[in-house]
Amino acid sequence: MDLFPVFLNLRQRPCLVVGGGEVAARKVTLLRRSQAQVTVVAPQLCPRLRDAARGGDIRYQEKLFEAADLVGQTLVIAATDDSEVNRSVAKLAKRSNIPVNVVDQPQLGSFTVPSIVDRSPVLVAVATGGASPILARLLRARLESTIPAVYGRLAELVERFRREVQARFTDPRARRRFWEAVLQGHVAELLFAGRDAAAEAALRSAMEDVEAGSRGEVYLVGAGPGDPDLLTFRALRLMQQADVVLYDRLVAPAILDLTRRDAERLYVGKARADHTVPQTKINELLVELAQQGKRVLRLKGGDPFIFGRGGEEIDRLADAGIPFQVVPGITAAAGCGAYAGIPLTHRDYAQSCVFVTGHLKDGSVDLNWDALVQPQQTVVIYMGLSGLEELCRQLVAHGFPATTPAALVEQGTTAKQRVFTGDLASLPRLVRSAGARAPTLVIVGDVVKLHDKLAWYRPGAGARQ
Ligand code: SAH
């Protein structure tokens, strides 16, 4: 290791920034966030620094740098665009044993400024020893996406209870187990869900009863339409901590692969008319598993509250007093619309959009046709493949012209996505002859016209440049 990593307390300490441009401004911001007292020495300032000087956030000395400016400084940053000036700042500062950083020429200074993920009081710093600031930035972006924004609040909670917990659990091992249960379990999840008071109450009760930290619960999670990139951060986090996963056919294998490797996986079926495990059985299973103290992930395609029967599942959980949370997902309509280049609403073509299920019952589809057949409205039909002829026929019978544009998106957002477009008269034939297979989504309305121009996702061929 060539560098010694530290976090410096600069609160109310005098720090000097030499240079008045945008680069200097960025360093000033960072120093100000650490509550340092910042002096800027430069012949002129960029607008951002001028505002800061005017607002009294920094002290400004309008002049060229000279050695005397270093007197009394705790830390110095050279951020001018003149490498000779930077070099001389670094040399003089080092001579006076003042830590100095030279922006863009890290080898000249005595310290570098890492890329940071700020979840104060949690701070993660990434450094590459100056080898590649871009690599550090990329790594930081990855960390940003895996460390939820609320980690700071979690750390504050721990801080508040540290002494009490220390007094309660004198055995260090028991204490560690306690904190692990809190930080990975119910208490943390409550906090992540924005329920701070409930989290604090749960932490208190966990202190009375160590078991409480490992109580079972259910996560009803929307997995999106297929592309794993469309998962939410929260979905991914819960997927990686669940003990058991209940999933159905709509959940793509690539998504299932992202669940914790040693989690138990239960397939509960659900293709059309093939309810491998009946809904009531699924509801009971969720209750049973949670009562065994497990963290149960109920993974659903799309969004759990849109034609997903998620409501029924948590209804049963609420009755049984099992804690649960619901994570929204990108519903098929949003995913397919975006990936097929069909905006569901558009100023020129559609001011409203309705989602309906086109599920056949006894060979017919029972829908409020008059409500669907409205001008300037997009109709999105879930589960509409087997009843497609009947759907299109009814829409025309109730007043849509047979020439109304219509599309069918097969396996939307996945590498196998296919989009068929035509009109209400031609679509059924087109789809049959291509042998389209579920899951498919039907979109009806003038917005479909935009597909030719706006389609960008071409699976296999990569995105349009
Ligand atoms: N909760 C889900 C919908 C479940 S109903 C959601 O919010 O998306 C199942 C229907 O969703 C399928 O019959 C199909 O119409 C639609 N669907 C789901 N994923 C799809 C995909 N990747 N492409 C096209 N349609 C999809």
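1. Domain bounds are taken from an automatic or database domain assignment. For this protein chain, the assignment gives domain 1 (14–113), domain 2 (148–214), domain 3 (216–330) and domain 4 (333–454). Between domain 2 and domain 4, the C-alpha centres are 49 Å apart.

2. The model is predicted: local features need pLDDT of at least 70 and side-chain atom pairs count only at pLDDT 80 or more, while totals for chains, interfaces and linings use all residues. Residues are numbered from 1 along each chain as its sequence is written, and side-chain values use heavy atoms, with hydrogens and water left out.

3. Just after α13, G341 has a positive phi of about 70°.

4. The second largest pocket holds about 1,200 Å³ of space. A pocket is an open set of points on a 1 Å grid over the protein atoms alone, where a 1.4 Å probe fits, with protein on both sides within 12 Å along at least five of seven lines; lining residues have an atom within 4 Å of a point. Of its 33 lining residues, V6, F7, L8, P114 and L123 are the closest to the centre.

5. To the lining of the second largest pocket, α1 gives the most, with four residues.

Conventions:
Helix = DSSP H or I, 4+ residues; strand = E, 2+ residues; numbered from the N terminus. Points joined across faces, edges and corners; volume = space filled by probe spheres on them.
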